[in-house]
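User: I am new to this structure and would like to learn how to read its features step by step. Could you give me the general idea first and then the case at hand?

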Amino acid sequence: MKHLLLGLGLLLALATPQASVAQTAKTGSQPPLIDRELLFGDPEISGAQLSPDGKFLSFVRPYNGTRNIWVKGLNEPFDKARPMTNDQARPVRSYFWSRNGKYLLYSQDKAGDENFNIYAVNPAEALPAGQAVPTARDLTGLKGVRVQIVNAPLTDPNTLYIGLNDRDKAWHDLYKLNLTTGEKTLMRQNNDRIGDWVFDWNDQLRLAARSNPDGSTEWLRVEDEQMTPFYKTTIDEQSAVEGFAKDNQHVYLATNKGSRNLAEIVLLDPATGQEQPYQTDPLKRVDVGGLTISEKTHEPVYVSFEDDRMRRVWKDKSFEQDFAAVSRRLPGLDVQPISHTTDERLWLLAASSATQPSVSYLFDRQTKQLSKQYETRPKLHPADLADMKVVRYKSSDGLEIPAYLTLPKGVAAQNLPVIILPHGGPWGRDVYGFNTMAQFLANRGYVVLSPNFRASTGYGKQFLNAGNGEWGRKMQDDLTWGVKYLVAQGIADPKRVGIMGGSYGGYATLAGVAFTPDLYSAAVAIVAPSNLTTLLNAIPPYWEAGRKQMYARMADPGTAEGRAALDRMSPLGSANKIKTPLMVVQGANDPRVNKAEADQIVVALRDRNYPVQYLLAPDEGHGFARPVNNMAMFAASEKFLAGHLHGRYQESMSPAVAKRLEEITVDPKTVQLVTKTNVK
């Protein structure tokens with residue numbers, strides 16, 4: 001349930017930046033180069049959470065060179081904080097307080113393999129002499145198993161409901177986890193393709209979502225051992241329970257079933273299947289984003305809509321007045337609730353904009369006092385950052401594509417180098433706000449276009465489904481026509497257009513250089529699928545719930561027609577057409593886009609004696625978590641882009657980054673192909 005308990009959503013030495021002399025001849029009045037460390041290094045403080053009773057504030061800050069959890073008294077200065085974890089292998093990225101505030105709970109995998117276990121640390125633990133940090137307990141202690149957090153019950157604060165796929169890699173059984181002892185009690189064995197469990201306000205299991213073999217989703221009432229269907233959406237539709245209503249009988253359901261194009265929220269009775277309208281987008285532009293419900297009153301607080309910028313329709317007038325008052329004191333910033341106390345008096349808020357990295361504030365709803373807590377990146381100055389604006393252009397078939405445009409500061413927006421920055425997913429979207437990658441590239445002198453191409457979510461069912469079967473085709477046209485738009489506007493130098501992205505954005509990068517070989521002059525493909533057949537054959541078993549839908553949106557490798565389509569859409573099959581300078585970046589332990597995807601394209605280019613740069617981090621998965629790896633990747637990529645597009649770049653790097661870059665740079669001559677398959 002999407003309650004107001006938002007915590008469940010789960011420094012290297014700085015080198016003075018020195019620009020290449022060759023790249024600074026035409027900087028004009030551009031701001032100075034921003035050191036990569038300030039953008040991609042560890043935030044000074046991030047991820048703060050209020051303890052349930054409001055006595056403590058936890059947050060993430062480096063300890064022994066790696067991001068770990070810290071705690072301080074709410075009214076204490078940050079320099080009085082104590083480290084709670086000492087994980088030196090990987091940063092702690094997601095954590096939350098137990099309901100009673102006794103434990104800090106966090107998840108951690110091994111070197112990016114995404115097999116997460118849950119760890120607990122007790123902030124009140126008395127430490128032995130000489131020990132500075134409490135000892136974290138591995139509550140689940142499993143290998144090769146991906147633990148899911150399902151529910152943190154208010155009525156039993158020493159418990160978590162979790163999902164484990166130790167019995168069946170594809171489906172998670174439901175367990176009750178004792179936080180004190182680590183004892184796991186089986187609650188439901190998942191023999192019914194259940195992908196989601198929903199608890200009511202009394203923390204009773206009431207609903208489940210079944211992923212049918214045909215790709216449809218079926219919502220079920222859970223009554224003892226019996227499960228009864230009450231709502232169904234097809235493979236081309238979406239539905240999600242947002243939470244129970246105050247009566248604990250009706251549910252708020254987000255759905256685009258039937259003739260609806262834009263997803264809306266309905267109030268539905270699972271016992272009868274009867275539904276009544278609750279909330280649609282009043283501007284009729286975008287899907288409903290989500291419903292936030294108070295855990296204290298069980299009443300809705302607001303419905304969100306992710307448009308050009310995020311909008312809210314308020315349901316609770318007192319909350320609306322408070323947030324309006326806060327927003328007036330923080331003009332131009334988008335304010336988001338991050339954490340709150342159990343009584344919902346104290347709130348931790350995050351305020352940000354395209355040119356303002358997140359700033360944390362504490363708001364007391366009783367006294368109306370607003371107090372600044374910290375800035376995530378205080379050394380970044382808004383005056384040096386580039387604004388983001390919305391543009392729209394027509395694609396090859398006339399479909400309007402919304403996009404975010406970031407223009408470099410200090411130069412006229414004419415005949416500039418460009419980076420097309422497609423998002424991952426592809427079933428996601430770019431949003432307005434501070435974007436580290438866009439700021440990095442704009443500071444180096446590039447125009448950055450972030451298109452929400454067809455198949456992006458939030459713009460309605462028709463826009464989403466318009467991407468079905470269009471990987472490398474019309475989805476790619478949506479990027480190509482973005483380049484044409486910038487050229488027609490006089491913004492882009494057509495001879496200095498690059499493309500860069502990760503995951504699906506990495507695929508789009510490879511597709512761009514393979515299918516439109518004359519369009520781009522440089523490309524950086526990060527964790528990028530190159531062969532869609534091997535990609536689908538190697539997806540993790542726990543993605544089984546979405547396998548059929550992936551086939552519907554891409555192509556079905558189980559049919560001859562589907563295999564032929566996947567071959568056509570795979571950049572690997574057109575590798576002989578690539579003539580764009582290319583850098584490939586990969587994590588060796590990536591469970592989503594296996595290392596073989598990078599190896600294949602590198603080998604294909606190597607075997608035709610075409611130069612390709614290859615970075616492979618042995619301690620990373622789907623994207624880089626360790627700052628030193630990120631720093632090495634961006635040091636290499638910005639120099640690579642500058643060499644071909646003539647933007648600016650920072651020559652200097654710390655000795656640790658230089659050493660790491662050397663370690664993860666792979667000679668293509670040494671690459672050997674080994675393909676991993678998870679096909680049943």
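Analyst: Two strands pair if DSSP finds at least two bridges between them, where strands (E, at least two residues) and helices (H or I, at least four) are DSSP runs numbered from the N terminus. This is a predicted model, in which local features need pLDDT of at least 70 and side-chain atom pairs count only at pLDDT 80 or more, while totals for chains, interfaces and linings use all residues. Residues are numbered from 1 along each chain as its sequence is written, and side-chain values use heavy atoms, with hydrogens and water left out. Here strand β3 (residues 66-73) pairs with β4 in the antiparallel sense over two bridges, and V71 stands opposite R82 in β4.

User: Which strands form the open sheet, and in what order?

Analyst: The order is β1-β2-β3-β4, with antiparallel pairing; β1 (46-50) and β4 (82-83) are the edge strands, each pairing on one side only.

User: How many aromatic pairs does the structure hold?

Analyst: Rings of Phe, Tyr and Trp (its six-membered ring) pair if their centres lie within 6.5 Å, and planes under 30 degrees apart count as stacked, over 60 as edge-to-face and the rest as tilted. The structure holds 20 such pairs. For F78 and Y374 the centres are 5.9 Å apart and the planes at 80°, so this pair is edge-to-face. Because F78 lies in the loop between β3 and β4 and Y374 in strand β27 (residues 370-375), the pair ties together parts 296 residues apart in sequence.

User: Is F78 buried or exposed?

Analyst: Buried means under 20% relative accessible area, exposed over 50%, and partly exposed in between (1.4 Å probe, protein chains only). F78 is buried at 16%, and Y374 is buried at 9%.
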